[in-house]
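Let us learn to read a protein model step by step.

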Amino acid sequence: MKNISRRSLLIFAVGLAVFPWVAKMVPGLGDYPEVLIYAGVYSLITLGLSVLVGFAGQISLGHAAFFGIGAYASAVGTATYNLDPWLCLLLGGLVSMLVAFGVGVPSLKLKGHYLAMATLAFGIIVFIIFNEEVTITGGPDGLNRIPGLSLFGFEFNTTLRFYYLIWSVVLLAFWFCANLVESRIGRAFRAVHASEVAAMAMGINISSHKVQAFVLSAALASLAGSLYVHYINFINPSTCNLFFSVKLIIMIIMGGAQSLWGAVVGAVIVTFLSNEWLHAFQEWEVLIYGAVLLLVIIFLPDGLASLPSKVAAWRRRGPAGGAS
Amino acid sequence: MLEVRDLHVYYGAVQALKGVSLEVPKGSIVTLVGSNGAGKSTLLKSIAGLLPSRSGSVWLDGKELTNLGAEGIVARGLCLVPEGRQVFGTLRVIDNLNLGAFLLRGAKHLAKRQELLEYVFNLFPILKERQEQYAGTLSGGQQQMLAIGRAIMANPRLLVLDEPSMGLAPLIVREILRVLKAMNQQGLTILLVEQNARAALKVASQGYVLETGSMVAQGEAQALLSDQNILKAYLGG
């Protein structure tokens with residue numbers, strides 16, 4: 001964890017911990033902790049995607065499927081079979097990782113647009129399975145009456161409790177990913193991204209590393225899905241449709257795919273834009289949303305997470321922006 | 001040390017190498033010259049396991065490398081410095097060098113890694129100065145030094161270089177060839193592919209000339225250099 005200092009992660013954690021108390025006191029922020037639960041769920045997925053896309057240089061337009069596999073594993077396991085939620089969460093993760101391995105080995109041989117198409121097709125197939133396997137998944141109506149989570153008798157049955165649960169998990173995942181990308185494997189991911197030929201010439205098994213990144217990101221998406229259904233107590237196929245996969249990619253691009261902070265910032269900003277901030281524009285909402293995306297991509301191609309360093313560089317150089 | 005026997009390589013239906021054989025004796029510098037599209041890079045990629053061959057075989061110290069895969073071949077002590085440098089631009093110089101030692105993992109190789117790093121910094125002091133810098137910000141010559149240094153970090157017995165002079169100023173080319181010569185004198189065997197045939201033949205002991213997928217000449221580097229026909233046909237006068 002050289003690039004991501006422990007200090008900034010600690011400050012972030014403290015900020016998250018005190019935020020609900022601030023939100024309670026400031027008028028207009030009352031909904032924020034709840035919106036942040038969704039942002040936390042998305043952050044879990046985007047952290048994994050950031051490793052896959054930003055570090056290992058691959059793409060996936062099918063990650064909603066892994067979110068769905070986790071969600072349905074937890075939903076079916078707990079609501080239909082009365083199994084322990086934590087066991088279902090683990091099983092869902094395991095299934096997601098196996099599926100990711102099976103899909104990743106052949107499709108990660110593809111590059112660029114072709115890989116995008118393959119993962120997109122995978123996402124659509126899984127979506128159709130959720131829709132059609134009515135006896136297991138409940139079909140388009142989905143499954144409800146999914147129980148909440150509890151740990152040693154402590155029930156995560158309020159917004160505040162779930163807020164702390166989800167963000168604790170996000171921080172753990174962040175810490176894990178931050179260590180990973182600074183490790184030998186993380187360096188190999190970046191090497192594969194920078195030059196496959198050179199990575200191969202150094203004896204790095206590129207297909208194995210691509211699959212590892214894919215499986216890791218699938219596991220995190222699955223975990224997010226499992227936690228999500230225990231909060232919302234309901235799941236249907238449209239939650240994990242193609243648009244959700246695309247939205248996840250939008251999040252990491254908005255935040256900055258090349259940094260883990262970007263994953264979290266992107267998830268939070270996009271969640272607030274579409275659930276909170278843009279409602280004021282009513283029928284103009286989608287247009288404004290598109291405009292914001294465009295502006296970020298044009299002026300901050302490295303994402304919103306690069307804003308502080310951009311501002312610092314701008315202040316050093318002076319407002320004219322010339323070399324001096 | 002390295003022996004290539006009757007290698008045939010195809011890109012789809014197109015045959016790029018039509019039965020190429022080559023030998024690199026231990027402790028020597030052998031250079032492979034030839035014009036654009038002769039198949040020089042194809043041969044090197046095939047030797048290093050980056051490209052599968054259809055028939056023929058590659059041997060290192062009497063052990064077969066064919067179909068071992070790039071990973072296995074690096075582990076056996078053959079490392080390729082790919083064409084166009086291919087440094088990891090988004091990583092720091094020091095990370096690039098550490099990636100060179102990717103297969104020397106774990107604590108038991110720590111001393112070896114440090115020794116190799118020391119050695120690389122000695123060869124190219126500029127890399128030590130710039131170790132915290134992103135590799136993409138280095139000049140072309142420095143990037144080539146980094147590409148060579150990175151390969152040295154794999155602790156190869158045979159170093160294979162694909163056009164290290166590409167796009168570099170003559171002065172830097174001379175410096176890089178000087179370092180290759182120095183490494184060779186310390187025991188490293190080198191297979192060097194070059195378009196800058198004259199410069200390459202001057203440092204090499206033996207040379208091969210490749211044309212449209214076949215070897216058309218081979219011999220002592222000095223002899224090739226003084227052969228007027230070869231000079232005219234393949235080395236640009």
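Predicted model: local features only at pLDDT ≥ 70, side-chain atom pairs only at ≥ 80, totals over all residues.

Q: What share of the residues of chain A count as buried?

A: The share is 46% of the 324 residues. Now look at sequence separation. Take the contacts in chain A with a separation of 6 or more: 75% of them are between residues 24 or more positions apart.

Q: Which residues touch the most other members of the largest nonpolar core?

A: That core has 172 residues. Those touching the most other members are A:Ala191, A:Met202, A:Leu220, A:Ala224 and B:Val160. Helix H10 of chain A, residues 206-232, gives the most to this core, with 16 residues.

Q: Which residues is B:Val160 in contact with, leaving aside its neighbours within four places in sequence?

A: Its contacts include B:Leu44, B:Ile47 and B:Ala48. Also among them are B:Leu78, B:Cys79, B:Leu80 and B:Val81. B:Leu191 is another.

Q: How should I read the place where two chains touch?

A: Start with the general idea. The size of an interface is often given as the accessible area lost when the parts come together. Here we count residues instead. The contact takes 15 residues from chain A and 23 residues from chain B. On the side of chain A that touches chain B, helices H8 (184-194) and H9 (196-201) of chain A each give two or more residues. H8(A) gives the most, with six residues. This side of chain A divides into nine nonpolar, three polar and three charged residues.

Q: How do I read a strand and its partners?

A: In a regular strand the side chains alternate between the two faces of the sheet. Next, follow the bridges. In chain B, strand S1 (residues 2-11) runs antiparallel to strand S2 (residues 14-24), and eight bridges join them. S1(B) also runs antiparallel to strand S4 (residues 55-60) of chain B, with five bridges.

Q: Which residue is the bridge partner of B:Val4 in S2(B)?

A: The partner is B:Leu22. In S4(B), B:Val58 stands opposite B:Val4.

Q: What phi does B:Gly12 take in the hairpin of S1(B) and S2(B)?

A: B:Gly12 takes a positive phi near 65°. This hairpin has two residues between the strands.

Technical notes. Residues numbered from 1 in each chain as written. Chains lettered and ligands numbered in written order. Core = buried A, V, L, I, M, F, W, Y, C linked by C-beta atoms within 7 Å. Buried ≥ 20, exposed ≤ 12 C-beta atoms within 10 Å, placed from the backbone. Helix = DSSP H or I, 4+ residues; strand = E, 2+ residues; numbered from the N terminus. Contact = placed C-beta atoms within 7 Å. Nonpolar A, V, L, I, M, F, W, Y, C, P; charged D, E, K, R; others polar. Pairing = 2+ DSSP bridges.
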